[in-house]
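Hello,

Please find the structure below, with notes on what was found in it.

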There are 2 protein chains.
Amino acid sequence: MIRAASADVIGELASGQRRPLARLLTRIENGDPSVRPMLPQLFATGHGAHVVGITGPPGSGKSTLVNALITEWRRRGRRVGILAVDPSSPYTRGAILGDRIRMMEHAADRDVFMRSMASRGELGGVAATTWIAAAAFDAAGYDPVLIETVGAGQSEVEVARLAETTVVVEVPEMGDEVQAIKAGLLEVADIIVVNKGDLPGADRAARQLRAMLSSAGGRVERKPPPVMLTTAISAGGVVALADAIEAHRAQSRTPIEARERAVSQIRRALADLAARRAAESSAWQTTVEAVAERALDPLTAAERLLDR
Amino acid sequence: MIRAASADVIGELASGQRRPLARLLTRIENGDPSVRPMLPQLFATGHGAHVVGITGPPGSGKSTLVNALITEWRRRGRRVGILAVDPSSPYTRGAILGDRIRMMEHAADRDVFMRSMASRGELGGVAATTWIAAAAFDAAGYDPVLIETVGAGQSEVEVARLAETTVVVEVPEMGDEVQAIKAGLLEVADIIVVNKGDLPGADRAARQLRAMLSSAGGRVERKPPPVMLTTAISAGGVVALADAIEAHRAQSRTPIEARERAVSQIRRALADLAARRAAESSAWQTTVEAVAERALDPLTAAERLLDR
């Protein structure tokens, strides 16, 4: 029964209709348990869409850049899925809605599917939801699937790890460079974009970033990511950026890269699964009490819960 | 054999000597497996030290404030442990070392024990290491144990959740307020400090924060945290801050709060444990391959690994 329903949903998705995808994304976002049995089929149905992460601090013009990229991809005949993820607090939900309004340009285009997802506040919930949603876009024939995150925290790094190609957007001011460095975003960047390239400090910022990245080369095994200049507002540099993303796709389809992504996805799923099972265990309440009263240390508690 | 060694270490810790604590912290930081069997005893030996988290963006004067707080606590006859945690990338290790130099004021005081810990880059590794290290400080008779984090990302939020009392430091500029809001830090704050209270915008920033926090009150169950002004450089407001931290300790020693902390600690331990066991499983390599080739979805993979 569930199998039939699951096959139906996936058949509808594959037909390219928008409504089945919209409904499935809502179920994914809500953590609907009926999504679980679909996963093996959903995951296997995908065509292998290019999952592109794009992140950067607020004010970096990221939304405008995403808009320009969509236009370029549409020009190249691609059907584009966009998942805007806000891993930060509910306090900021307004900001991401503001971004959405700017996306209206593509609202009438049936080959562009944009969806915002807010955090449910659960540890790791965002990343798990994101990969399932990306698989749904893929099964519905969207390629690339763009995952846009707001901010520069640890969750963004985690989301970025799940993408095949991660674009980190910076603005010329040094303050924002520091933000990306602090969050460890430069380490997961496959392409770095200095946006607002028409601002006075843009060339200098790009040079500084390149110097920083090449001096770190001794410790980092791979070659430093390219640093590109764009001026999203006039679509300057966007064709070159789309080309660079395409070039990285070709590079990243190696067995090693695929394995690294798989490891990240499995770890995330393990953490979620272990937390859920422990909370459903009959020993959960007494174990929590014991840790709260310092009669048990958390690691021993975790071992006991996992071994039941 | 291991038990005897473990009891020895804990006996030495309890004697108040510095070297056994320094050695144990190194073993904790390195993830030395010999620490594992000590945990139940280490956790049970603690006197219930007040674990205070302090976080805020770079440039907020947090280190100077910590310095002033230590001076105040020493005046009150407390032995102070400080754990400076950098959950961000190794790129920033320089910054935290810079902070350390400023701490030298207390270097000669044997009742102040300061230790920096860098991230090992493992998911969740920082938080797990932090609570074990805090338990070690506690067993060695330090109270309060101050956990200082740099930055405003998701890891800071996680570390802050492990503390009983979390102090979030802000500076008057609006830009930094936004940073704390974005990272969800305000939601975990028990006390908010607007530092550099001598700057022109300080009063206005404090008012704005208070207004923002009370307008959010409808959704948040607890009453909004106090917003305090300090001028760390001249120790202005530091006595009042130490009092507020003390007052929060009394409030936070409720069974509900203790349970919430226990849940966070157990979840973190579960994620680490599940990841380690999966990686040690004989099916690990083939499972990763299957996910990388899309023959298996990550959640099913996680279930199989956890069920072995």
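In which hand, left or right, does α12(A) pass α14(B) in their crossing? The answer comes after some notes on the model.

This is a predicted model, where local features need pLDDT of at least 70, side-chain atom pairs count only at pLDDT 80 or more, and totals for chains, interfaces and linings use all residues. Residues are numbered from 1 along each chain as its sequence is written, while chains are lettered from A and ligands numbered from 1 in the order in which they are written.

Helices and strands

Chain A has 14 helices and seven strands. Helices (H or I, at least four residues) and strands (E, at least two) are DSSP runs, numbered from the N terminus. Of the 308 residues in chain A, 51% are buried. A residue counts as buried if 20 or more other C-beta atoms lie within 10 Å of its own, as exposed if 12 or fewer do, and as partly exposed in between, with C-beta atoms placed from the backbone. Among the contacts in chain A with a separation of 6 or more, 76% are between residues 24 or more positions apart. A contact here means that the C-beta atoms of two residues, placed from the backbone, lie within 7 Å.

Where the two chains meet

The crossing of α12(A) and α14(B) is right-handed.

From α12(A), the contact is made by Q265(A), I266(A), A269(A), L270(A), L273(A) and A274(A). From α14(B), the residues are P298(B), L299(B), A301(B), A302(B), E303(B), L305(B) and L306(B). By class, the contact has eleven nonpolar, one polar and one charged residues. Ala, Val, Leu, Ile, Met, Phe, Trp, Tyr, Cys and Pro count as nonpolar, Asp, Glu, Lys and Arg as charged, and the others, Gly among them, as polar.

Helix α13 of chain A

In helix α13(A), residues 284-292, the buried residues are T287(A), V288(A), V291(A) and A292(A). They lie on the same side of α13(A) because they cover an arc of only 135° around the axis. The arc is that of the directions from the helix axis to the C-beta atoms. An α-helix has 3.6 residues a turn, so residues three or four places apart point the same way. Q285(A) and T286(A), on the other side of α13(A), are exposed. The cover over the buried residues of α13(A) includes α14 (298-306) of chain A together with α12 (255-280) of chain B. After α13(A) comes R294(A), with a positive phi near 60°.

A covered strand in chain B

How many of the six residues of strand β5(B) are buried? Six of the six are, in a strand that spans residues 165-170. T165(B), V167(B) and V169(B) are buried on one side, and T166(B), V168(B) and E170(B) on the other. Strand β1 (residues 51-56) of chain B runs parallel to β5(B), joined by four bridges. Two strands pair if DSSP finds at least two bridges between them. With strand β6 (residues 191-194) of chain B, β5(B) also pairs in the parallel sense, over four bridges. V168(B) is the bridge partner of T55(B), and I192(B) in β6(B) is the bridge partner of V168(B).

Single residues

The peptide bond from D143(A) to P144(A) is cis, with omega near 5°. P144(A) sits in the loop between α6 (125-139) and β4 (145-150) of chain A. In chain B, a cis peptide bond joins D143(B) and P144(B), with omega about 10°.

K196(A), a residue other than glycine, has a positive phi near 60°. It is in the loop between β6 (191-194) and α10 (202-215) of chain A. K196(A) is buried, with 23 other C-beta atoms within 10 Å.

L42(B) belongs to helix α3 (residues 39-45) of chain B. L42(B) counts as buried because it has 22 C-beta neighbours inside 10 Å. Not counting residues up to four places away in sequence, L42(B) touches I10(B), A135(B), A136(B) and A139(B).

Regards

Note on methods: A crossing is left-handed if the near helix is turned anticlockwise from the far one by less than a right angle, and right-handed if clockwise.
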